[in-house]
Amino acid sequence: MSSTKLVLGVVIAVASGCGGVDPPADATPPRDVVCGSSPIEVLPNGGFDDSSPLWTQDPVTPSFLCDMSVIMPASGTKAACLGNTDGTVRTLTQQIKLPAGAKSVTISGQRCISTQETATADNDVLSFELLDGSTVISSMLTLSNQQGVAACEFSSFTATKPVTADPIVATLRLRSTLDSARTTTFFIDSLSLKVSCQ
Ligand SMILES: [Ca+2]
Ligand SMILES: [Ca+2]
């Protein structure tokens, strides 16, 4: 995502230069990210390929980043792989910086959902949420076994939702929850998170 780095670099350069940000009279700390006329990308390492910044996973093993021995990623050499073991809850999180006045967020990327489920019920789910500390400020998207097939291929997804707060730093959380039987694996790659202040 070199274009992402470039955009963020420009934004940071502007914000750190003189006159880039005018703190309000109550001395609110300046932001590293400022709103533009179009939505701005705020997610680093959305392709899961870079060594930094790391995605944080819970629990810490096994790795929730899968290489080409498991799946052909949609981009680069790795993709996120959540679920995969019955009866588990697994999370991947990344810290993001928000602009003041953030009003909506658009999550998009590539998904490949491999499942043994045949039920028309959400038995295994993957949620995409934005958090301020432990408070959910946007429930962006839920995927489930119902979008899955036995042998999956990557396809694109996107969702736009309001965000109820604009903390300086927020957490993007991907969380898989699997029931006790018929395994689902959620492969996710090429993630993007764009923020709009409109
Ligand atoms: Ca990738
Ligand atoms: Ca299941």
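What percentage of the 198 residues of the protein count as buried? The figure is 35%. Keep in mind that this is a predicted model.

Let's start with the overall layout. The protein has one helix and 11 strands. Read along the sequence, the pattern is α-β-β-β-β-β-β-β-β-β-β-β.

On to the inside. In soluble globular proteins, nonpolar side chains tend to be buried together. Here, the largest nonpolar core has 39 residues. Six residues have the most contacts inside this core: Val42, Ala79, Ala80, Leu82, Phe187 and Leu193. Which elements give two or more residues to the core? They are β4 (79-83), β5 (89-97), β6 (104-115), β7 (125-132), β8 (135-144), β10 (169-177) and β11 (184-196). The most comes from β11, with six residues.

Let's zoom in on leucine 193. What does leucine 193 touch, leaving out residues up to four places away in sequence? Its partners are Val42, Leu43, Ile96, Val105, Ile107 and Leu172.

Last stop: threonine 56. This residue lies in strand β2, which covers residues 56-58. Is threonine 56 buried, exposed or partly exposed? Count the neighbours. There are 14 other C-beta atoms within 10 Å of threonine 56. Buried takes 20 or more, and exposed means 12 or fewer. So threonine 56 is partly exposed. Now look across to arginine 173. Threonine 56 and arginine 173 are 117 residues apart along the chain. Their C-alpha atoms are separated by 9.5 Å.

Notes:
Residues numbered from 1 in each chain as written. Chains lettered and ligands numbered in written order. Predicted model: local features only at pLDDT ≥ 70, side-chain atom pairs only at ≥ 80, totals over all residues. Helix = DSSP H or I, 4+ residues; strand = E, 2+ residues; numbered from the N terminus. Core = buried A, V, L, I, M, F, W, Y, C linked by C-beta atoms within 7 Å. Contact = placed C-beta atoms within 7 Å.
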